[in-house]
Amino acid sequence: MTKAKWALVASLFALIGMPLIFLGLSIYTGQWYYFLFSLPAGLTAGITGLVSSLVQIQLEKK
């Protein structure tokens, strides 16, 4: 795998995986602040990484 594809995997984990982990933690503890505070960070990191890695993959194809 190229570095851009690894970046894509990492950004998808930040976008989907981290909020799911904190959702499970919030369900387990009953305190929803864990999930609510993870959403902005996960979305910011995930979307930024997703866009930049997709652009890099497109540039490598040319």
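View 1. Tyr-33 is exposed, because its relative accessible area is 60% (for a 1.4 Å probe and protein chains only, exposed means over 50%, buried under 20%, and partly exposed in between). The model is a predicted one, in which local features need pLDDT of at least 70 and side-chain atom pairs count only at pLDDT 80 or more, while totals for chains, interfaces and linings use all residues. Residues are numbered from 1 along each chain as its sequence is written, and side-chain values use heavy atoms, with hydrogens and water left out. Phe-37 is likewise exposed, with a relative accessible area of 65%. The structure holds one aromatic pair (rings of Phe, Tyr and Trp, the last by its six-membered ring, with centres within 6.5 Å; planes under 30 degrees apart are stacked, over 60 edge-to-face and the rest tilted). The ring centres of Tyr-33 and Phe-37 lie 6.1 Å apart and their planes meet at 25 degrees, so this pair is stacked. Because Tyr-33 and Phe-37 are four residues apart in helix 2, about one helical turn separates them.

**View 2. The two helices side by side.** The secondary structure of the chain comes to two helices and zero strands (DSSP runs, H or I of at least four residues for helices and E of at least two for strands, numbered from the N terminus). Helix 1 covers residues 3-29 and helix 2 covers residues 33-61, and the two pack with their axes 7 Å apart, at an angle of about 165 degrees (axes are lines fitted to C-alpha atoms over the stretch in contact, and angles between N-to-C directions run from 0 to 180 degrees). Helix 1 and helix 2 are therefore roughly antiparallel to each other (angles over 145 degrees; under 35 is roughly parallel, 65 to 115 roughly perpendicular and the rest oblique).

**View 3. Two buried residues, one from each helix.** Ser-11 has its place in helix 1, and with a relative accessible area of 4% this serine is buried. Although Ser-11 and Ser-53 are 42 residues apart along the chain, their C-alpha atoms are separated by 8.2 Å. Gly-42, which lies in helix 2, counts as buried at 6% relative accessibility. From Gly-42 to Ala-14 the separation is 28 residues in sequence and 5.3 Å in space, taken from C-alpha to C-alpha.

**View 4. Two partly exposed residues, one from each helix.** Phe-22 lies in helix 1 and, at 26% relative accessibility, counts as partly exposed. Phe-22 and Lys-5 are 17 residues apart in sequence, and the space between them, C-alpha to C-alpha, is 25 Å. Leu-43 is found in helix 2, where this leucine is partly exposed, with a relative accessible area of 40%. Between Leu-43 and Gly-17 there are 11 Å in space, C-alpha to C-alpha, and the two are 26 residues apart in sequence.

**View 5. The chain as a whole, for orientation.** Taken along the principal axes, the C-alpha atoms of the chain fill a box of roughly 50 × 20 × 10 Å.
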